[in-house]
Amino acid sequence: MPAAPTHHPQCVLVTGGAGFIGSNFLLKMVPRYPDVRFINVDKLTYAGNLLNLQSIEDAPNYVFVRADIADRNAVLRLFDRYRFTTIIHFAAESHVDRSILAPLAFVESNTLGTVVLLEAARRAWGDSSTDRRFFHVSTDEVFGSLGEESCFTLDTPYDPHSPYSASKAAADHFVRAYAHTYGLPVTISNCSNNYGPYQFPEKLIPLVINNALEKRAIPVYGTGQNVRDWLHVEDHCEAIDTMLQYGAAGATYLVGGHGERTNLDLVRLVLDLVDEELGRIPESSRRLITFVSDRPGHDFRYAIDARYIRETLGWQPRYTLNDGLRATVRWYLSHREWLKQVLDASYRTYYETQYANR
Ligand code: NAD
Ligand code: TYD
């Protein structure tokens, strides 16, 4: 790691802190940095859940504000109320399948919401050369799809394919435009697929665990040969902490876990772990696997070349995929109350819309 920090966060606006990655980040950082104030701004969509944050809700350095980042007046009021030194921008509509069903919410939250925040930061920070940072949390999906070989690198051109990735790519372009045009001090990270505690069970891994628990069919899209590069969310959160404090203003980092698996291999691995943890007959849950029609425009493969962050900032993942998945399966099995709370009527409606007639 470089010897000296490049940024010293004091008053941090965290957007989307009630979601999966944001809540994991706050649960770690609020106790770790008692002298830093964290203002969590979240709209509390179906994916945001204050239950995740119970252990820090009374911390003296933590505040929650319910607001929509695409609401200009609400965001300007926030910037009037707090003197932010730092913005860590997680808030987004994040599920590809939902973006295929209803793309507009993705443009509003992911693209417009990001521009509203950039504009508020530009006004608040002006031309000041003092220590400020806009940290934009993005995804490797902006690069499109890989074949069997090679990885995404910092030179890979943007080629988003889904409404989700297009809305994130547009946001990334705006973040760079604000750096270029106004000198806004920004950092962008493009990370691979995350997994771990508090992930909403519409995403593959918690969906598999939940359906296995309920002995329901496990829907695998197409042939299950699509590949994702999986990273434990705690490793991602540590990477963000490192990039924020030690990364260069204006830099982009690619973050990934060397955790490539085909979907079918991954699903089998998760199911075998569930069987083991529940004392079921080994490999018995595999019979729940059901091949369903493919996601439209399904990207074949994602894989990250994370050399730059490793070589410049010394970050690398701590979890192996096997250890991370076992820990995750254990977490879901011991948090069934949480699962019950998030699986409300709106989830069931979504599930029926998404998986009916596939
Ligand atoms: P998530 O869907 O679990 O959580 C998103 C949070 O943002 C929710 O709490 C939601 O209420 C909030 N939100 C949504 N729209 C909002 C709005 N308009 N105003 C305020 N709050 C709003 O998502 P996640 O998986 O935690 O992802 C967080 C960020 O990380 C996203 O920007 C995503 O693109 C990026 N990312 C995710 C992954 C992954 O695998 N999950 C990988 C790489 C990058
Ligand atoms: P997902 O968790 O939705 O993340 P992303 O689409 O952002 O990569 O899906 C991960 C992979 O799993 C992706 O290739 C689609 C596939 N998938 C299924 O096969 N079945 C499912 O029910 C879901 C939700 C995803």
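Leaving aside its neighbours within four places in sequence, which residues is Ile88 in contact with? In this predicted model, the partners are Val12, Leu13, Val14, Thr15, Phe25, Phe135, Val137, Ile240 and Leu244, where contact means heavy atoms within 4.5 Å. Ile88 lies in strand 4 (residues 86–89); strands (E, at least two residues) and helices (H or I, at least four) are DSSP runs numbered from the N terminus. Ile88 is buried, with a relative accessible area of 0%; buried means under 20%, exposed over 50%, and partly exposed in between (1.4 Å probe, protein chains only).

Ile88 is also among the residues with the most contacts inside the largest nonpolar core, together with Phe38, Met243 and Ile309. That core has 79 residues; a nonpolar core is a set of buried Ala, Val, Leu, Ile, Met, Phe, Trp, Tyr and Cys residues joined through side-chain atoms within 4.5 Å. Apart from it lies another core, of 28 residues, including Cys11 and Val175.

Turning to the helices, the axes of helix 4 (residues 104–125) and helix 5 (residues 163–182) come within 8 Å and cross at roughly 15 degrees. Axes are lines fitted to C-alpha atoms, for helices over the stretch in contact, and angles run from 0 to 180 degrees between N-to-C directions.

Residues are numbered from 1 along each chain as written, with chains lettered from A and ligands numbered from 1 in written order. Local features need pLDDT of at least 70, side-chain atom pairs count only at pLDDT 80 or more, and totals for chains, interfaces and linings use all residues, while side-chain values use heavy atoms, leaving out hydrogens and water.
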